[in-house]
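I opened this model to look up its charged pairs, its strand pairing and its nonpolar cores. The entries follow in the order in which I made them.

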Amino acid sequence: MRRMRSEVITVRTGSRPTVRDITSEAERFVSGAGDGLLHVFVPHATAGLAIIETGAGSDDDLLRALDDLLPTDDRWRHRHGSPGHGRDHVLPAFVPPYATLPVLGGRLQLGTWQSICLVDTNGDNPDRQVRFSFLAG
């Protein structure tokens, strides 16, 4: 019988929209685990996960694109929280709260320049939980 191994980490995202690279945390979790699948899940209604390049401007480009697509104005029916917070609740429809990645020999099989990133546009919630789950193959 195969068992799934799971762990929750806390990630500080702060009070402004951010793209936070969590690849190193994911790599530590699967290190030496053999072959299988890593599932990453953010149990929040206002955050998501993206597999993108970071450090070359793509993370800022993503935040800018989200601002263009989901502006922080008063158009949103969901109105609690800071102004424009309704857009944060629409974010997971565009940046899903999960990702599944292959693991071979205890190593993530990301492509060149790919990183696992927590995307958080909600400044009202500065700390996020991320669940890593590994299912051995």
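**Entry 1: charged pairs**

I looked up D88 and R87 and found both buried, where buried means under 20% relative accessible area, exposed means over 50%, and partly exposed lies in between (1.4 Å probe, protein chains only). Their side chains meet in a salt bridge, with 3.1 Å from N to O. I use the term for a side-chain nitrogen of Lys or Arg within 4 Å of a carboxyl oxygen of Asp or Glu. D67 belongs to the picture as well: D67, R87 and D88 are linked in a network of salt bridges.

I note the ground rules here. The model is predicted, so local features need pLDDT of at least 70 and side-chain atom pairs count only at pLDDT 80 or more, while totals for chains, interfaces and linings use all residues. Residues are numbered from 1 along each chain as its sequence is written, and side-chain values use heavy atoms, with hydrogens and water left out.

How many salt bridges does the structure hold? I noted 7. One of them joins D127 to R12, with the closest N and O atoms 3.1 Å apart. This pair links distant parts of the chain, 115 residues apart: D127 is in strand β8 (residues 127-136) and R12 in strand β1 (residues 4-12). Elements here are DSSP runs numbered from the N terminus, helices being H or I with at least four residues and strands being E with at least two. D127 is partly exposed at a relative accessible area of 31%, and R12 counts as exposed at 54%.

I also looked up E25 and R20, which form a salt bridge with the closest N and O atoms 3.3 Å apart. E25 is buried, with a relative accessible area of 17%. R20 counts as partly exposed at 28%.

**Entry 2: the sheet of five strands**

In what order do the 5 strands of the open sheet run? I read the order as β1-β8-β3-β5-β6, with antiparallel pairing. Two strands pair if DSSP finds at least two bridges between them. The edge strands are β1 and β6 (107-108), each of which pairs on one side only.

I then checked where α1 lies: this helix packs on the sheet and touches β1, β3, β5, β6 and β8. Its direction makes about 35 degrees with that of β8. Contact means heavy atoms within 4.5 Å. Axes are lines fitted to C-alpha atoms, for helices over the stretch in contact, and angles run from 0 to 180 degrees between N-to-C directions.

Next I went through the pairings inside this sheet. β3 and β8 run antiparallel and are joined by 6 bridges; the partner of G36 in β8 is A136. β3 and β5 also pair in the antiparallel sense, over 6 bridges, and L37 has P102 as its bridge partner in β5. β5 and β6 pair antiparallel over 2 bridges, where L104 is partnered by R107 in β6.

**Entry 3: the sheet of three strands**

Another open sheet has 3 strands in the order β2-β7-β4, paired antiparallel. β2 (18-21) and β4 each have a single partner strand, so one side of each is left without a neighbour in the sheet. Neighbouring strands here are turned by 30 degrees against each other on average, direction ignored. Between β4 and β7, which run antiparallel, I noted 6 bridges. A50 stands opposite C117 in β7.

**Entry 4: nonpolar cores**

Which residues have the most contacts inside the largest nonpolar core? They are I22, L38, V40, L108, L118, V130 and F132, in a core of 20 residues. A nonpolar core is a set of buried Ala, Val, Leu, Ile, Met, Phe, Trp, Tyr and Cys residues joined through side-chain atoms within 4.5 Å. The elements that give two or more residues to this core are β1, α1 (23-30), β3 (36-41), β4, β5 (98-104), β7 (115-120) and β8.

I22 touches V11, V40, L49, I116, C117, L118, V130 and F132, when residues up to four places away in sequence are not counted. A second, separate core has 12 residues, among them I52, L66, L70 and W76.

G55 is exposed, with a relative accessible area of 74%.
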